[in-house]
Amino acid sequence: MPSVKNLKKDINYVLGDIIEAVYICEMTSAGKPTEATNAIIDEAISSFDGLIVKVNAKKVENKKAHFKQINAELEQTANQLIAKINAL
């Protein structure tokens, strides 16, 4: 089973890279933030907070299944955010 530490790092790196991609998109297109890019960044930050709360949950029956579900949710959230970035 992957460690909790590595799962937290994955969450941080994936969502951090998505936020960085939004900043790059801002710089290459408008040169300044727009409402759409700010909404994507806010969604990434709230997703990060929600996933970290789930990782830190102590009263979990099956930890392996719980962490697998968190990893799947991270992948789903990342794909949705990337699709939004590509639509800009």
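**View 1. Helix 3 and its buried residues.** In helix 3, the buried residues are His66, Phe67, Ile70, Leu74, Thr77, Ala78, Leu81 and Ile85. Here, buried means under 20% relative accessible area, exposed means over 50%, and partly exposed lies in between (1.4 Å probe, protein chains only). Helices are DSSP runs of H or I with at least four residues, strands are E runs of at least two, and both are numbered from the N terminus. The buried residues of helix 3 pack against helix 1 and helix 2, the latter covering 35-55. Contact means heavy atoms within 4.5 Å.

This is a predicted model, in which local features need pLDDT of at least 70 and side-chain atom pairs count only at pLDDT 80 or more, while totals for chains, interfaces and linings use all residues. Residues are numbered from 1 along each chain as its sequence is written, and side-chain values use heavy atoms, with hydrogens and water left out.

**View 2. The whole chain, before we zoom in.** The chain has three helices and zero strands, giving the pattern α-α-α along the sequence. The C-alpha trace spans about 50 × 20 × 20 Å along its principal axes. Of its 88 residues, 27% count as buried. Among contacts with a separation of 6 or more, 69% join residues 24 or more positions apart.

**View 3. Helix 1 from end to end.** Helix 1 has 26 residues, and its first and last C-alpha atoms lie 38 Å apart, close to the 38 Å expected at 1.5 Å a residue. The expected span of a helix is 1.5 Å times one less than its number of residues. Look for the buried residues Leu7, Ile11, Leu15, Ile18, Ile19, Val22, Cys25 and Glu26; the buried residues of helix 1 pack against helix 2 and helix 3. After helix 1 comes glycine 31, with a positive phi near 85°.

**View 4. Helix 1 beside helix 3.** Helix 1 (residues 4-29) and helix 3 (residues 63-86) pack at an angle of about 5°, with their axes 10 Å apart. That makes helix 1 roughly parallel to helix 3. Axes are lines fitted to C-alpha atoms, for helices over the stretch in contact, and angles run from 0 to 180 degrees between N-to-C directions. Angles under 35 degrees count as roughly parallel, over 145 as roughly antiparallel, 65 to 115 as roughly perpendicular, and the rest as oblique. Residues of helix 1 including Val4, Leu7, Ile11 and Val22 meet residues of helix 3 including Phe67, Ile70, Leu81 and Ile85. This contact of helix 1 with helix 3 involves 15 nonpolar residues, one polar and one charged. Ala, Val, Leu, Ile, Met, Phe, Trp, Tyr, Cys and Pro count as nonpolar, Asp, Glu, Lys and Arg as charged, and the others, Gly among them, as polar.

**View 5. Helix 2 between its two partners.** The axes of helix 1 and helix 2 come within 10 Å and cross at roughly 175°. That makes helix 1 roughly antiparallel to helix 2. By class, the contact of helix 1 with helix 2 has 15 nonpolar, four polar and two charged residues. Turning to the other partner, the axes of helix 2 and helix 3 come within 11 Å and cross at roughly 180°. That makes helix 2 roughly antiparallel to helix 3. Among the residues in this contact are Glu43 and Lys54 of helix 2 and Glu73 and Lys84 of helix 3. The contact of helix 2 with helix 3 divides into nine nonpolar, three polar and four charged residues.

**View 6. The largest nonpolar core.** A nonpolar core is a set of buried Ala, Val, Leu, Ile, Met, Phe, Trp, Tyr and Cys residues joined through side-chain atoms within 4.5 Å. Which of the 18 residues in the largest core touch the most other members? They are Ile11, Leu15 and Ile70. Helix 1, helix 2 and helix 3 are the elements that give two or more residues to this core. Leaving out residues up to four places away in sequence, isoleucine 70 touches Leu7, Ile11, Leu51, Lys54 and Val55.

View 7. Asparagine 86 lies in helix 3 and is exposed, with a relative accessible area of 61%. Aspartate 49 belongs to helix 2 and is partly exposed, with a relative accessible area of 43%. From C-alpha to C-alpha, aspartate 49 and isoleucine 11 are 9.8 Å apart, with 38 residues of separation in sequence.
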